Amino acid sequence: MHLVVISGSVYGTADLVADEAAQRCRAAGLEVSRIKPASVDALLEAAPDIILGCVSTTGMGELPDSFVPFFTELQDRFPLFTGKHFAVIGLGDSAYGDTFCQGGEQLRELLLELQALESLPMLRLDASETVSPELDAEPWLDQFIESLTHSA
Ligand SMILES: Cc1cc2nc3c(=O)[nH]c(=O)nc-3n(C[C@H](O)[C@H](O)[C@H](O)COP(=O)(O)O)c2cc1C
């Protein structure tokens, strides 16, 4: 089971959460590649069984600028991930109301369109609620790791 971890971030928080997630999954014995910055070629070359995306939200529900070229290329090339799994950690701030974690939601919807299977409901990390998102992600990550171990 090869896990590829990608991230899209404005201020670095989502990158940090992704780095920590990659480390935790590696420590649990998974084969992990951390691709940064996200690139479609690198992703396809890695031939992942599972993709973990950590993505923040900017503007009014938008993806981080640095993540947009990757996302657009994925939409254009539309590589199917049939039978592959994915999960998304969305970072946002509930003070933004309806657009809370919409960046993560956009990635989630695209991966579903690409026929990947969601292995765990998206984790939404709320900047209004936490100052240590990488620690808050740990229980969810443990569940994620367990779901992979069971589907292996
Ligand atoms: C200019 C700006 C716009 C934002 N817009 C949203 C938004 O629409 N929805 C949301 O959930 N969070 C929004 N956020 C909150 C960020 O997503 C949140 O602080 C996140 O933890 C930042 O992660 P990053 O450091 O990886 O970019 C916004 C933050 C800023 C500074």
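Glu73 is partly exposed, with a relative accessible area of 30%; this class lies between buried, under 20%, and exposed, over 50% (1.4 Å probe, protein chains only). The model is a predicted one, in which local features need pLDDT of at least 70, side-chain atom pairs count only at pLDDT 80 or more, and totals for chains, interfaces and linings use all residues. Residues are numbered from 1 along each chain as its sequence is written, and side-chain values use heavy atoms, with hydrogens and water left out.

Glu73 belongs to helix α3 (residues 68–77). Helices (H or I, at least four residues) and strands (E, at least two) are DSSP runs, numbered from the N terminus. Glu73 and Val40 are separated by 33 residues in sequence. In space, their C-alpha atoms are 7.0 Å apart.

Strand β1 (residues 2–8) is mostly covered, with seven of its seven residues buried. His2, Val4, Ile6 and Gly8 point one way from β1. Leu3, Val5 and Ser7 point the other way. Both sets are buried.

β1 pairs with two strands, β2 and β3. Pairing requires that DSSP find at least two bridges between the strands. With β2 (residues 31–34), β1 pairs in the parallel sense over four bridges. Val5 has Arg34 as its bridge partner in β2. β1 and β3 (residues 50–56) also run parallel, joined by six bridges. Here Ser7 stands opposite Cys54 of β3. A right-handed β-α-β unit is made by β1, α1 and β2. Right-handed means that, with the strands pointing away from the viewer, the path from the first strand over the helix to the second runs clockwise.

Aromatic pairs were then counted. Rings of Phe, Tyr and Trp (its six-membered ring) pair if their centres lie within 6.5 Å; planes under 30 degrees apart count as stacked, over 60 as edge-to-face and the rest as tilted. By this rule there are two aromatic pairs. The ring centres of Phe67 and Phe70 are 5.1 Å apart and their planes meet at 55°, so this pair is tilted. Phe67 and Phe70 are both buried. Trp140 and Phe144 form a stacked pair, 5.6 Å centre to centre with 10° between the planes. These two residues lie four residues apart in helix α6 (residues 138–151), so about one helical turn separates them. Trp140 counts as buried because its relative accessibility is 8%. Phe144 is buried, at 0%.

The largest pocket has a volume of about 440 Å³. A pocket is an open set of points on a 1 Å grid over the protein atoms alone, where a 1.4 Å probe fits, with protein on both sides within 12 Å along at least five of seven lines; lining residues have an atom within 4 Å of a point. The volume is the space filled by probe spheres set on the points. The lining comprises 23 residues, of which Ser56, Thr57, Leu91, Gly92 and Ala127 lie nearest the pocket centre. α1 (13–27), β4 (85–92) and β6 (123–126) each give two or more residues to this lining.
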